[in-house]
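My notes follow in the order in which I took them.

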Protein chains: 2
Amino acid sequence: MKTYDAHLDELCINAIRFLAVDAVEQAKSGHPGTPMGTAALAYTLWDRFMKYNPHDPQWPNRDRFILSAGHASMLLYALLYLTGYDLTLDDIKQFRQWGSRTPGHPEFGHTPGVEVTTGPLGQGFGNSVGMAVAARSMACHFNRPNYAVVEHFIYVLASDGDMEEGVSSEAASLAGTLQLGNLIVFYDDNEISIEGSTDAAFRENVGARFTAYGWQVIGPIDGMNTIEVDAAIGQAQIETARPSLIICRTTIGYGSPEQATGKVHGEPLGAEGATAAKHNLGWPLEPTFYVPDEVLQHMRQAVERGESAERAWQQQMEGYAKDYPELAIQFNAQLRGELPAGWDHGLAELFPAGSKAVATRSASGKVINALAKNIPALMGGAGDLAPSTKTLIDDGGDFSVEEPCGRNMHFGVREHAMGSIANGMARYGGVIPYTATFLIFSDYMRPPMRLAALMGIRVVHVFTHDSIALGEDGPTHQPIEQLLGLRSVPNYTLIRPADATETVEAWKAALLNTTGPTGLVLTRQNLPVIDRTTHAPANGLQRGGYVLWQSADGIPQIMLIATGSEVSLALAAGERLAGDGMNVRVVSLPCWALFDKQPTDYRDSVLPPQVRARISIEAATPMGWERYVGPDGIALGIDHFGSSAPGPVNYEKFGFTPEHVVEVAMSLMGR
Amino acid sequence: MKTYDAHLDELCINAIRFLAVDAVEQAKSGHPGTPMGTAALAYTLWDRFMKYNPHDPQWPNRDRFILSAGHASMLLYALLYLTGYDLTLDDIKQFRQWGSRTPGHPEFGHTPGVEVTTGPLGQGFGNSVGMAVAARSMACHFNRPNYAVVEHFIYVLASDGDMEEGVSSEAASLAGTLQLGNLIVFYDDNEISIEGSTDAAFRENVGARFTAYGWQVIGPIDGMNTIEVDAAIGQAQIETARPSLIICRTTIGYGSPEQATGKVHGEPLGAEGATAAKHNLGWPLEPTFYVPDEVLQHMRQAVERGESAERAWQQQMEGYAKDYPELAIQFNAQLRGELPAGWDHGLAELFPAGSKAVATRSASGKVINALAKNIPALMGGAGDLAPSTKTLIDDGGDFSVEEPCGRNMHFGVREHAMGSIANGMARYGGVIPYTATFLIFSDYMRPPMRLAALMGIRVVHVFTHDSIALGEDGPTHQPIEQLLGLRSVPNYTLIRPADATETVEAWKAALLNTTGPTGLVLTRQNLPVIDRTTHAPANGLQRGGYVLWQSADGIPQIMLIATGSEVSLALAAGERLAGDGMNVRVVSLPCWALFDKQPTDYRDSVLPPQVRARISIEAATPMGWERYVGPDGIALGIDHFGSSAPGPVNYEKFGFTPEHVVEVAMSLMGR
């Protein structure tokens, strides 16, 4: 039987609350309400249950804590400071200031102990499902009798807003299907949102909804009562066959005169309000940022607990390394995100010169299977489109409760959760996740794609059916603006390979990009395999763009610049123009991001500035191509929606024929 | 007691099935499975319950039918043809061909009787909630004792995929909260998705989930048994206080040798498969596209039923016009989407010269309230951000079951459903919907924004907190790539006004744009109100871009081109450059889409081609600005993520100061 000092607990809880209040007050902006309401439940979790080592935030077997309600960042910063992470009171005083380690919403990489970047609601929830997936996968692959090297929980704090967002519905449904018993979510049910009572928009029975998903639902409990929270966590930990939702009734802005209203959500309490709150909860008005010694002393015991737990695990790992030396090496290598020696073995032979035409989606399927043989960490799947996106790992098994080592994920028709889950998998580590859907449905998963870029994590997004050439499914399925939209996301690497051989290189680039996500844009339709014995090698893709072919030596008279399926079209048109006596260069430019990173002299060697006759060819919006075609060039594209018709018909009707390209080139050359 | 001819019913149902099979066969692509499984339930609905006039698809008081499972387009086309809409058997034979009226997925505007464009899953579901909202609103505003001029149902056919998508979870939760008893959804529970059994990813209890949302849940019933379907619809119609979900067990591809597998979802059955299916269901093999005379005769009775129903309604309207002449006029005007005379009354006086600085979000709030007084049809709201987006209509009331005439929608933290619901409201007509959230969260609602553009419907999207200047909330909340991303959507009009006076014009442009959606991009921070007595009038915005100010006559030496908050910065920098003796022009370019539509001579008058010294200034990705700054210009922007810090600090750190602009200008001019 555990016993606790109720007075000390309250001191700790109030210390958390008022660090949040004072930090928000000092920053003159922020969200005091949620930290004040959830301090008790978070304290109970961090003080009594959670397994973590503040001196080693990267300890692989730690419990994860995801603050899906990212606006409550000060709750997390207070916990990190009080439990002894590398975060000072001065850092907290710099809350929300330029260059500080305590930004407005938690940002992975800025603050030790922050597992993922949150703020856009629902994303942390989705990430947590990905972490629970990765943890189960790693446990299956690496745990052995007497060696539970991966055994811990994923904890999440989620708000009303998180529950309202569709992405968490999607993720919760999948978590229930997968019976992720290692996942425990606190739902901060404070009945208040920015526009007032949640009754205005949100009267559903959240508990019944999660029961329907297959979750264990605990509560509603009093989330500000440590005894109830303690019991609920215990109950959640015991249930291993279902994820658990603990519904916690709390009072937003507890203690403030405006408690339980929307006003305390996202604004400082104000000097008067802060004073009143301190008065109401028996907290000294001065100094601000006050932390009683006994609070720090008590909560910093987390360091000793954590170091002791990690030591025990390290000892276990020593035994493991003796009994399973190869597994131990592999475990550590996967956690470091390393690709095994020979990871690209077999790729070079996949598409020799003379290979018959193949869709880049199919080429990608072959690449995935070659890579999967070499890279055990590779796992992923599609949003119910595996047969179309060609993303199944043969004999990889289906990831499920029955087959926890399975490498094929079945995300269901849930693109948004798919992206968010993949982010969680990548941040967990050990696995290298990929997702797959049609390019048009990238629109459903923009928020997690952006967060992957912001966090700088390796996720591979496979996007097939990449243009009007997909044909009959029509304009609802035909991307136009998606390529530009994704190219403009900072740190997002979008690659549209020209053929099977560039697809091999694109996958290589994606796996080698450890500091951000990569999108692979692939065709539904077959494309000729470019003969690399007569054309430049495909590894030019690694520089983003390269001279694929030129009809004669010297400075070309005209350049055709294309990506993806339009590269073969450019070659066909180029040959005709060459037949007319022109010196024509065809440039394959599969990746703007990589190309723009090259030194000027390389870029100028591919696109010599003095050559002003330039035509870009891409079956998508021409917007943005001005940067490559320049003021005298022409961007051939599609500035309207597509049409339902067979792909070749669309392609022709929209001007993607050698004849049309030649015509445009002739007029550009004034012939 | 109704009695039916079971044999005739079966003939009709099979006629629908095999029109779908044959059309897909002929097109060599398409989705036969769902029409084959759902033909019986759709037939029962259309033959016995649904109120519609095939000869007047726009009859305002018709029931709406939304095929959220848009891939089952052939089901809808078969129904439209068989019940007598303006669609021929030849149209059906042209399924999925260039220029046909039977595209791969239903497209509003292409086919009479298609209410909304569907295909991207979950969207139709969201649209239907919007239609139910609009119907309730119109009924509240226009129905009077003895005159139920708006009284009908919204029917939806939704698939497993629709149920898995988060947008439908969001919309369903709101529909439950709003107690939309006029909404009846058939859930085609066929247990099959593209990757196989739905068990792989979707084991939740959908019925229990909808009960948790506050819906009436009927079934599971045998969705291929007309008697059970008949009873279920009756039960659904009786319930007026809750939306109804009818769970229909069906067999995908019923009759095909591959029935109840993923194979029949999205591919032709093949000649052999089609033959076997016809054999199995007792259908003649030849001719293809066979419709027995008695089927056509029976189903075309829909015309007489529909005309009679519409006549009765017209008669009612005649009485209504006598008893409520003003209401009748207003009703018709609103349905036509007309703006009332004097709709912009009061706008011109809102921000006179000398007005103090105001955020464009606040200016927009004033405009909304001025417009709301003049335009009864205007209604909308925010994704739980009304206080921040300033989108509340004062005294407009909160739309709810208690206040069905309320004009303020509370969408909850559900941006995706918000966009989708607004599309449904716009397509219903009578109301002019607007939505609101932070610009960054446009990422959550991309799919419905695109569909609004594709359908060409008037929806106004208010987006505030439009740049790194929002400050402390940090990079998760700071748009960088969103402006370009939205500008590149065909038929989407994105406007970023420079100040309060341009905000007035932006709202005008949005309401006058009846053929597509408009996004208004607004600041969190205050901006000076440009003095229009010394600068060009704000109505230049209607042309997308205009010369706001120039320091001297004649051709300028340098041009500063800016949007939104950066226009005042450009003016400040321009004045300094003028002080140094330069002839400087400042161009406000709030809307690329409108500017690009202007004749060349206008565009050249604003941006004279001979002036090569150009600087664009926008606190967002510089990508895409090449088209306006040209090869010798400079695009000042932000090509990385933002930062958590006070807005003015960010603004300065990222180079948005007059000093920096002047410096860049000087270097550009070689000084």
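**A parallel sheet in chain A**

I began with strand β9 (residues 378-382) of chain A, which pairs in the parallel sense with strand β11 (residues 432-438) of chain A over five bridges. Here helices (H or I, at least four residues) and strands (E, at least two) are DSSP runs, numbered from the N terminus, and two strands pair if DSSP finds at least two bridges between them. Within this pair, A:Gly381 stands opposite A:Thr435 in β11(A).

I noted that this is a predicted model, in which local features need pLDDT of at least 70 and side-chain atom pairs count only at pLDDT 80 or more, while totals for chains, interfaces and linings use all residues. Residues are numbered from 1 along each chain as its sequence is written, chains are lettered from A and ligands numbered from 1 in the order in which they are written, and side-chain values use heavy atoms, with hydrogens and water left out.

I then followed the whole sheet, which is open, has six strands in parallel pairing and runs in the order β10-β9-β11-β12-β14-β13 (chain A). At its edges stand β10 (408-410) and β13 (493-495) of chain A, each with a single partner strand, so one side of each is left without a neighbour in the sheet. From one strand to the next the twist averages 20°.

**The interface of chain B and chain A**

I next asked how many residues each chain brings to the contact. Chain B gives 100 residues and chain A gives 101 residues, contact meaning heavy atoms within 4.5 Å. Between them the chains bury about 8000 Å², of which 58% is on carbon and sulfur atoms; buried area is the accessible area (1.4 Å probe) that two parts lose on being put together, summed over both. B:Trp98, B:Glu195 and B:Arg450 supply 11% of the area that chain B buries against chain A, more than any other three residues.

Seven salt bridges are found across this interface, a salt bridge being a side-chain nitrogen of Lys or Arg within 4 Å of a carboxyl oxygen of Asp or Glu. I looked up the one between B:Glu402 and A:Arg203, where the closest N and O atoms are 4.0 Å apart.

**Backbone details**

I found a cis peptide bond joining B:Gly219 and B:Pro220, with omega about 10°, and placed B:Pro220 in strand β6 (residues 216-222) of chain B. Another cis peptide bond joins B:Glu286 and B:Pro287, with omega about -10°; B:Pro287 is in the loop between α10 (270-280) and α11 (293-299) of chain B.

Technical notes. Axes fitted to C-alpha atoms, helices over the stretch in contact; angles between N-to-C directions.
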